[in-house]
Amino acid sequence: MGQADVLVVGGGIIGLAIATELRQQGANVTVLSRDFKAAAGHAAAGMLAPSAEGLTGSMLELSQRSLALYPDWSRKLEELTGQDTGYWPSGILTPLFDSASASPTVLSQAAVHYYQPDLSADVTGGYWYPEEGQADNRALLKALRIAAQELGVDIQEGVSAEAFLQQNHHVTGILTTHGHQQAGHYVLAAGAWSRDLLPVPVKPRKGQLVALLTPPDSPYALKRVLYGEHIYIVPRKDGRVILGATDEDVGFAPHNTAMGVAQLLNEATRLYPPLADFPLQECWWGYRPVTPDEAPILGTSPCNNLTLATGHHRNGVLLTPVTAKLIVEAIQGQPDPLLDAFDWERFIGTGDAVGMAHHPTPAPPISPALPAVDPLGCASSTQPTSFPIPTTMQTLSAPPVTDDDALVIAGRSFSSRLMTGTGKFDNFETMRSSLAASGSEIVTVAVRRVQTNAPGHEGLAQAIDWTKIWMLPNTAGCTSADEAIRVARLGREMAKLLGQEDNNFVKLEVIPDAKYLLPDPIGTLRAAEQLVKEGFAVLPYVNADPILAKYLEEAGCATVMPLGSPIGSGQGVRNAANIQIIVENAKIPVVVDAGIGSPSEAAESMELGADALLINTAIAKAQDPIKMGRAMGLATEAGRLAYLAGRIPIKAYASASSPLTGTITGQ
Ligand SMILES: CC(=O)[C@@H](O)[C@H](O)COP(=O)(O)O
């Protein structure tokens with residue numbers, strides 16, 4: 001198959017619905033589906049409940065529009081595939097155990113028990129939403145997949161997207177586990193995994209579910225969706241009863257847990273006691289994608305040919321038809337004004353838009369309309385792809401400065417030979433002042449800690465003026481090569497999103513050892529080889545091993561960064577002899593990284609012939625970090641000058657400063 005007009009990352013309910021809609025409009029569409037079985041759409045009960053869920057504002061409008069689309073949308077899908085989607089406007093009842101303080105529209109106790117007999121006698125009232133109901137999410141997913149396949153969408157199952165390749169706010173391709181692919185336009189619909197590709201503030205929120213089976217001879221008939229305070233009970237037409245769902249902020253922690261299942265069973269039987277005798281049929285779990293405000297991210301992205309459709313949290317099934325419609329319209333150049341409320345930019349400045357930066361200038365419309373005969377790929381390739389970058393940034397991007405002793409890394413020149421870290425400072429103000437005092441032009445940032453808002457890292461990426469400082473994203477926290485490769489790619493995106501379009505630097509750290517934080521030499525070499533292939537300027541953090549340093553140089557690394565002593569230990573340079581051998585053999589800059597505790601040790605490293613230093617703890621944790629920043633800057637410079645000046649040889653005996661011969665004797 002040739003290049004797609006649109007490539008959708010994510011083969012879940014949202015990705016498939018968008019792909020199907022696009023295909024129906026004439027576009028050639030590819031879907032990358034990492035693992036169909038893991039899609040959040042499987043881990044849902046399929047409730048269609050805008051009002052019962054208590055949604056408000058733009059979320060209520062979006063979900064009501066989606067609910068209104070459901071009858072036609074699901075009927076067409078059923079006609080196309082011959083599959084039942086389980087769409088059933090069964091009505092939703094929200095029983096209340098304490099209805100005394102509820103609004104006047106609350107149903108009486110008699111009425112609520114009339115709507116659904118055999119509820120707990122403790123239910124004293126409730127609300128009834130006759131227009132709402134359910135779809136069978138699994139059946140719907142199956143139907144969507146069949147529809148997409150039958151319409152000719154190229155669904156690539158088992159293919160994971162690994163990174164977007166970008167230039168000037170334009171996606172130029174996508175790297176996958178099965179090679180490189182290109183399309184005219186891209187859609188990110190990867191649910192809880194979206195953040196692997198772009199630093200959008202989307203996290204997994206685990207939900208556990210249980211299915212019971214109505215016994216064939218049961219006198220009890222559940223006919224309504226019951227939306228309780230801590231449980232929902234969704235009876236399917238085939239006799240299954242779905243109990244959902246826990247809402248757990250535990251990352252990608254797999255399995256059903258005893259506590260999770262117990263909670264569902266207890267709450268369900270408390271509300272509808274006959275369930276206690278229903279056989280348990282199945283337990284499962286999944287990961288909903290959740291944003292900080294629990295509303296989805298829909299529409300534009302920092303790239304002009306990348307559209308976002310992720311973060312639907314517990315409303316993915318409900319919002320599927322409207323998401324597909326609005327996203328396709330947006331790709332066609334007709335964005336609905338409602339999308340403004342779901343734009344990714346709403347998180348800017350909140351500390352949640354991790355690594356997502358505002359465009360210096362607005363991006364043009366994401367794509368022209370999808371013409372029936374002119375494939376999207378051709379149309380979008382005529383899009384302007386370059387955006388102005390701030391003038392100060394152009395200064396940083398300019399050819400080497402006229403400094404006859406500049407530090408040159410991967411073709412880029414720097415006047416300062418001191419790189420600094422951003423961790424461990426008491427506050428951002430102190431950090432900024434000490435970085436300035438140190439004269440450092442390269443500052444390293446832990447991608448993973450920034451992304452996860454680790455303590456002290458909330459808003460860190462936004463706290464530095466990246467028009468003046470060159471970002472060195474680092475892979476701190478990665479214990480394996482694969483993890484470091486993934487995080488390096490995210491780091492590159494982060495730098496781009498923060499305005500450093502051409503920043504391909506990565507400080508590679510693969511550290512499985514938690515006690516001494518010693519790097520894994522084999523994992524580091526393997527990751528470095530891969531990242532070099534992907535066009536990174538790799539600065540690997542390694543033990544001071546001259547042979548490894550040579551291998552890394554041969555692999556194409558931009559520098560080597562041998563450690564002086566363990567990170568944060570302040571032990572100084574404990575391996576000077578090895579560092580000297582590395583310096584002697586290296587044709588790339590050698591940066592002594594970690595362990596330096598005082599300016600004298602900084603100077604000592606530079607005197608050994610190191611090309612640069614990286615210092616964090618000794619500055620951040622000094623009693624006066626600003627003064628220490630300056631001291632380290634001066635020491636780095638002094639050490640460099642001393643190295644260039646050439647120190648005197650060390651001798652066993654004294655040699656007097658003035659001649660001992662020719663002196664006047666007293667006689
Ligand atoms: C920030 C950083 O990259 C550190 O991992 C680095 O190795 C600095 O070490 P010190 O904190 O010992 O200066």
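Predicted model: local features only at pLDDT ≥ 70, side-chain atom pairs only at ≥ 80, totals over all residues.

Me: What counts as a pocket, and how much space lies in the second largest pocket?

Reply: On a 1 Å grid over the protein atoms alone, a pocket is an open set of points where a 1.4 Å probe fits, with protein on both sides within 12 Å along at least five of seven lines; lining residues have an atom within 4 Å of a point. Grid points are joined across faces, edges and corners, and a volume is the space filled by probe spheres set on the points. Here the second largest pocket holds about 580 Å³.

Me: How do the residues of its lining divide?

Reply: Ala, Val, Leu, Ile, Met, Phe, Trp, Tyr, Cys and Pro count as nonpolar, Asp, Glu, Lys and Arg as charged, and the others, Gly among them, as polar. By that scheme the lining of the second largest pocket has 13 nonpolar, 15 polar and 6 charged residues.

Me: And where does the largest pocket lie?

Reply: It lies between domain 1 (1-87 + 132-201 + 291-408) and domain 3 (416-645), because both give residues to its lining. Those domain bounds come from an automatic or database domain assignment. The volume of the largest pocket is about 760 Å³. Its lining has 48 residues, with Ala 40, Ala 190, Gly 191, Ala 192 and Trp 193 nearest the centre.

Me: Which helix gives the most to that lining?

Reply: Helices (H or I, at least four residues) and strands (E, at least two) are DSSP runs, numbered from the N terminus. Helix 12 gives the most to the lining of the largest pocket, with 4 residues. Among the other elements supplying at least two residues are helix 1 (13-24) and strand 8 (161-167).

Me: Which residue does UniProt list for "active site", and is that residue buried or exposed?

Reply: The unreviewed UniProt entry lists Lys 507. UniProt positions are given in the numbering used here, feature names are shortened, and annotations may be inferred rather than shown by experiment. Buried means under 20% relative accessible area, exposed over 50%, and partly exposed in between (1.4 Å probe, protein chains only). Lys 507 has 4% relative accessibility, so it counts as buried. Lys 507 sits in strand 24 (residues 505-508). Contact means heavy atoms within 4.5 Å; leaving aside neighbours within four places in sequence, the contacts of Lys 507 include Thr 444, Tyr 541 and Asp 593.

Me: Which residues does Gln 166 touch?

Reply: Not counting residues up to four places away in sequence, Gln 166 touches Val 171, Thr 172, Leu 198, Cys 303, Glu 493 and Lys 496. Gln 166 belongs to strand 8 and is buried, at 8% relative accessibility.

Me: What is the phi value of His 313?

Reply: His 313 has phi near 50°, a positive value in a residue other than glycine. His 313 is in the loop between strand 18 and helix 6.

Conventions: Residues numbered from 1 in each chain as written. Heavy atoms only, no water.
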